Amino acid sequence: MADAGRSGLRAPQIRPPHISPLAEGLLGSTLILFGSYGVGWLVTVSPISRWDLLLPLRTTPAGVILSTVALTLGCWLMFHAWLRLRQVLHTAEQPLRSISRTAALWMVPQLFVLPIFSRDVFAYLNQGRLVLQGEDPYSTGVSTLENWFQLGTDIVWAEDATPYGPLFLWLEAAVMRVSADLPDLAVFLFRLACAAGVVLTLLYVPKLARLLGTDPARAQWLTVANPLLIISFISSVHNDALMIGSALVGIHLAATADRHRGRGVLAVLMVTLSIGIKPITMVLLPFIGLLWAWSTLRGRSHALTWMRRVGYWAATLLIATGVMLGVGLISVAGGDAYGFGWLTVLTGTGTGSMLWSPVGLADALLTGALMLAGLSHEWTLDVLRTIGRAASVVIVLVLMFLPLRSGAEKTATSPTLGTDAPIRSIMVRMTWAFAALVLLSPVIQPWYLLWLLPLIAVLGQGEGRQFTGISLITAFFLAYGAADQLQVWQFLEFGPLAPGLAMTLVSAAVSVLALTLLMVRRGSRTLILPGGESSERKAQHPAP
């Protein structure tokens with residue numbers, strides 16, 4: 001060895017085998033699949049819960065700990081693989097195809113997981129039963145049903161009205177009619193519907209990015225390959241996937257309405273479909289009207305006058321209203337009890353609050369101050385919720401009526417893809433309007449932020465410090481979901497700790513360790529910190 005050192009020879013270094021981002025993410029997705037069969041949500045009547053292979057995972061302390069560790073570790077492997085996948089933007093000959101293929105492969109195992117991060121899907125089951133029994137889900141909670149709790153629905157849904165639109169109630173009823181007494185089949189059918197929404201997102205995010213003159217591969221990576229989106233929309237079976245997928249199709253159709261005469265009408269129909277899933281996307285309608293109005297002027301010298309604006313707004317409103325009116329009449333004629341009950345969703349402000357929402361944080365601080373002062377504090381949330389709702393409405397109205405920039409911007413185009421500057425301006429306003437409605441609500445579920453992510457991505461945002469924020473939010477909600485929503489039997493013993501608390505601590509410990517390793521390793525840390533992407537680009541294309 002001494003001779004080797006004097007002669008300038010170096011001892012051979014052992015390097016760990018290189019694992020591609022695709023393989024790393026697929027391994028993480030598979031670990032999540034495995035872990036879900038130990039701590040994912042199952043209804044008590046499910047035959048899966050009696051499979052001999054799964055009993056040790058679900059009914060022994062060692063099996064539950066192993067499942068929790070696998071689930072949490074899988075989330076972090078997918079997160080790290082997603083960060084590494086960004087390198088494909090600078091190295092692959094066809095980065096969009098590579099990223100789309102990778103994201104699709106990561107999704108495959110999630111089609112077969114037991115529900116994780118949320119059990120809203122079990123509320124879909126019981127709401128479908130309500131419809132089939134002739135009840136009105138907008139005024140009746142699922143607790144009126146026999147055996148509702150045995151179908152896995154969270155107790156918070158017991159007396160709560162559904163927040164979903166009438167078209168989704170149709171889907172709920174159809175799934176429950178087809179699946180009959182097979183809840184596992186019902187969950188899988190709902191998951192396929194949500195996967196269809198993700199496919200729409202996968203197809204239309206690149207189209208919108210091209211239209212706006214931004215990198216379609218980067219938009220796809222930031223959105224569809226994001227592990228929080230894959231898990232929240234597919235693994236958790238959230239109907240938000242259908243809502244966002246339909247909305248993105250409508251936005252693209254409206255922005256390209258000049259390509260075909262009926263394209264603008266189809267755009268409104270697609271956004272109305274989105275509203276029929278969850279009415280919150282009604283906020284997009286005025287901006288769909290603006291996109292439709294401007295796109296029909298593309299290539300002409302005419303300005304977007306106020307008369308034209310009002311005309312397209314009226315057309316948009318009439319089409320959407322006509323469709324929803326038709327849906328209500330069909331429901332009434334078919335004997336459904338809810339009819340036009342979905343309108344109550346628009347006037348409701350929800351219940352509860354979350355500390356990471358601005359309104360929820362303000363409520364917690366104000367409530368604490370009033371309690372210290374010995375004053376009444378029961379009114380704070382209602383008042384702050386109303387203020388937040390009013391502020392969001394004002395913001396939307398201002399963004400609607402602000403004039404589009406005139407002058408050179410009317411004919412300005414992207415130097416690469418020929419994008420109209422006003423189209424981009426309308427898209428920016430739409431994003432801010434949607435964000436106002438989301439961020440000024442006292443309840444912000446982790447997947448609500450995914451409503452905004454596709455719009456942010458196609459506008460070319462989310463770089464530098466913005467991406468650091470997006471990646472840290474993604475990491476936080478992955479860790480939170482993995483620790484918060486676990487099905488652990490209460491008869492299991494973990495010393496002095498309750499089973500649920502014990503597994504939350506196990507999952508949190510894995511997340512802390514994973515994040516520590518991520519931040520300690522310089523190569524991984526630079527994937528998150530501002531400037532990491534430019535460093536990668538320089539590494540892949542060094543100066544001569």
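Biologist: How many cavities of 30 Å³ or more does the structure hold, and what makes a space a cavity?

Modeller: One. On a 1 Å grid over the protein atoms alone, a cavity is a set of points where a 1.4 Å probe fits but cannot get out. This is a predicted model, where local features need pLDDT of at least 70, side-chain atom pairs count only at pLDDT 80 or more, and totals for chains, interfaces and linings use all residues. Residues are numbered from 1 along each chain as its sequence is written, and side-chain values use heavy atoms, with hydrogens and water left out.

Biologist: Which residues line the largest cavity?

Modeller: I244, A247, L248, I251, T281, L284, F434, W451 and L455; lining residues have an atom within 4 Å of a point.

Biologist: How many of the lining residues are nonpolar, polar or charged?

Modeller: Eight are nonpolar, one is polar and none is charged.

Biologist: Which residues make the nonpolar surface patch?

Modeller: That's L325, L329, V332, F340 and L343, at about 430 Å². Helix α15 (residues 306–333) brings the largest share, three residues.

Biologist: L329 sits in helix α15. Why is L329 called partly exposed?

Modeller: Its relative accessible area is 49%. Buried means under 20%, exposed means over 50%, and partly exposed is in between, so L329 counts as partly exposed.

Terms used. 1 Å grid on protein atoms, 1.4 Å probe; cavity = no way out; pocket = protein on both sides within 12 Å on 5 of 7 lines; lining within 4 Å. Points joined across faces, edges and corners; volume = space filled by probe spheres on them. Nonpolar A, V, L, I, M, F, W, Y, C, P; charged D, E, K, R; others polar. Patch = residues over 30% accessible without salt bridge, like charges linked within 9 Å, V, L, I, M, F, W, Y side chains within 5 Å. Areas by Shrake-Rupley, 256 points an atom, 1.4 Å probe, with all protein chains shown as cover. Salt bridge = Lys/Arg side-chain N within 4 Å of Asp/Glu carboxyl O. Helix = DSSP H or I, 4+ residues; strand = E, 2+ residues; numbered from the N terminus. Buried < 20%, exposed > 50% of the residue type's maximum accessible area, 1.4 Å probe, protein only.
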